[in-house]
Amino acid sequence: MTIHGLWVISKAGGLVFSRSYSDVLPPQPVNTILTLAGILHGIHAITAKLTPTPIPGVPVSGLESFEAEGWGGKVFLTPTGTKFVVLHSLPQAGLDELLRRIYEIYSDAVMKNPFHTPEMPINSSLFESKLQTLMSSVNA
Amino acid sequence: MSFYLAIVSPLDSPLFELSFTSSKPSQGSSSTSSTSSFPSWSTFTATNGSDLGTDGLGTVNNNKVGGTLGLLSGESKTIPEKNRAICQMIAHKSLDSVEEIMESTGNLYLKNIDRHNEWIVSAFIATNVKFILLHDIKNDEGIRLFFLDIWESYVKVLLNPFHTVNTPIRSSAFENKIRASAKRNL
Amino acid sequence: MSQSIGYSTTPPTSSSRFSLQSITSSSSSSNTTTNTPNPPSLYSTTNQNPSSNRRESARSNIIPSGQGNSSLQQQIFGSNNNLIIQQQQQQQQYVNILDRPLNKSKNSEIALSSWAFMFSEIISYSQSRVDSVTDLEKRLSSLGYQVGQRILSLILLRNTQTLNLKDPKREYRLIPILQFIHTQIYKFIFGKSADGLEKSSESEDEYMLISNESPLTQFISVPKDMSDLSCEAFTAGLVESVLDGLDLPARVTAHWVGDQYPDTPQRTVILIKLDGKVMDREEVLGK
């Protein structure tokens, strides 16, 4: 499995972080990624509302993954509404574990950083370097 | 037996003071009698043994008890105030000796570092806060235990986040602790 | 009692009050205040709470003598009884700080995450009240200073008490004091000693405490426009107060040197510049 990229989408639907970790997918301009992330956020919100009779006690979640030709995406929603989107190659295995690791790095390097403002673009060198290490271990 | 305890901050400002007497008999006849050979103004104990430093509320200088000392000088109201001031001066005067000695020793308990008339000065340096005790008899072991006790109480007060090193201690509980320890050890 | 213990942890909920009311109204009471014959709604329950409370307290007077209470009564009044016990326990908890044991928390630790979040808030708070990086470092340093004063007193006292020393001592020479900070103080705060203690090669009166990854600031990445800020200023203030407390006045600053050490990108140096007075004294005391 190769990880092509990672997006972090804030609670309000803004793209606060995006990195590409392989050159399989054609690079996109930032504006395109922003739009795509916005669309994904919208689809996620809509799909969360599509269940007519939700089972009591089971939280209703939205879109969890999508697939295209040769690659796919997986959405991980934190309890506070932040979304991590991993773009990956097919077939994929161990994605859940990877997303948990990303969430952990996010909690450590972003949420515990006094210089980060919630809902704003992530500007933490520690976050980037830790992700880089994680991704290169997966992609290797 | 009279005692005067002063706690002095790192900036040399007074944090706490307390004068008290002990009920224990003096050890042997060698101890200085507080009323016979020295001027009466430098003692705390009246001839009837009443403690000038205390009243029911625990305030340190109380002029009410001045009446008992009126026999000694005639200026009844000013006596305790005067005594207190003298003890304060002795305690702060000895700070120089304390600082000189602490530079070259690792001991926390510095015993009998200074003398002034019948008063003997002992000190205890935990950090840069100094405990100074004026006493008129020698009782090294008791004073050591007393210092260890008040040190513990002091650290507990210091650990209070609303207290700083340079804040005077006004806690009556702290005073009671010290009195209790004095009763045990001195 | 086993039934009443079940209530002790929680105050009576509205449902238990409700059951009380339904029990009393069905068994004996003709004096209930209900006008509606059937009060199932939450609104009417809360409305009648005062009356049921009064009844509870009135009946609770009987309890101490009543050995043979039926289980029903115990169920009803147990809650009230245990509330009183709870109150007593709460009163007992208000012990004067001077009477509390000092070493109860000796081996307790706090979670690193909770500290990291709090420290993050401390920095944000301080940052909103300063104009420059220097002021921010000063603020953090003064906070660390207050912590250091307390830690030093506590460590000295605990050392004395655990070793039961007859004649307690403290360090008074420069090198032992620096080693004391390097091992004991660091171990107390961070759970491990500092990664290095070095003497500056440039000047006689400068020493350096080195930590490769400080637990305090390991999650923090400083933005580029504040690159000369080191949040380890907190530790610097702490070290300064310990030195001050042991009569070694010094100026202590923190510097990030990770850019020179690619293996340890978070390496920080706590630089201790000793007061001239200290160096003079050391010379007098000899080697």
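Modeller: Of the 10 residues of helix α10 (residues 276-285) of chain C, 0 are buried, so this helix lies largely in the open. A residue is buried if 20 or more other C-beta atoms lie within 10 Å of its own, exposed if 12 or fewer, and partly exposed in between, with C-beta atoms placed from the backbone. Helices (H or I, at least four residues) and strands (E, at least two) are DSSP runs, numbered from the N terminus.

Biologist: On what kind of model does this rest, and how are residues and chains labelled?

Modeller: Residues are numbered from 1 along each chain as its sequence is written, while chains are lettered from A and ligands numbered from 1 in the order in which they are written. The model is predicted: local features need pLDDT of at least 70, side-chain atom pairs count only at pLDDT 80 or more, and totals for chains, interfaces and linings use all residues.

Biologist: Which residue just after α10(C) takes a positive phi?

Modeller: The phi is about 80° and belongs to the residue just after α10(C). That residue is C:Gly286.

Biologist: In what order do the 5 strands of the open sheet in chain A lie?

Modeller: The pairing in this sheet is antiparallel; two strands pair if DSSP finds at least two bridges between them. The edge strands, each pairing on one side only, are β2 (15-20) and β3 (65-67) of chain A. The order in chain A is β2-β1-β5-β4-β3.

Biologist: Which residue of β5(A) is the bridge partner of A:Leu6?

Modeller: Strands β1 (residues 3-9) and β5 (residues 83-89) of chain A pair in the antiparallel sense over 6 bridges. In β5(A), the partner of A:Leu6 is A:Val86.

Biologist: Which residue in the turn between β3(B) and β4(B) has a positive phi?

Modeller: Strands β3 (residues 109-116) and β4 (residues 119-125) of chain B pair in the antiparallel sense over 5 bridges. They form a hairpin with 2 residues between them. The turn residue with a positive phi, about 50°, is B:Asn117.

Biologist: Which helix supplies the largest share of the side of chain B that touches chain C?

Modeller: The contact (C-beta atoms, placed from the backbone, within 7 Å) takes 24 residues from chain B and 23 residues from chain C. On the chain B side, α4 (140-159) and α5 (172-185) each supply at least two residues. The largest share, 7 residues, comes from α4(B).

Note on methods
Contact = placed C-beta atoms within 7 Å.
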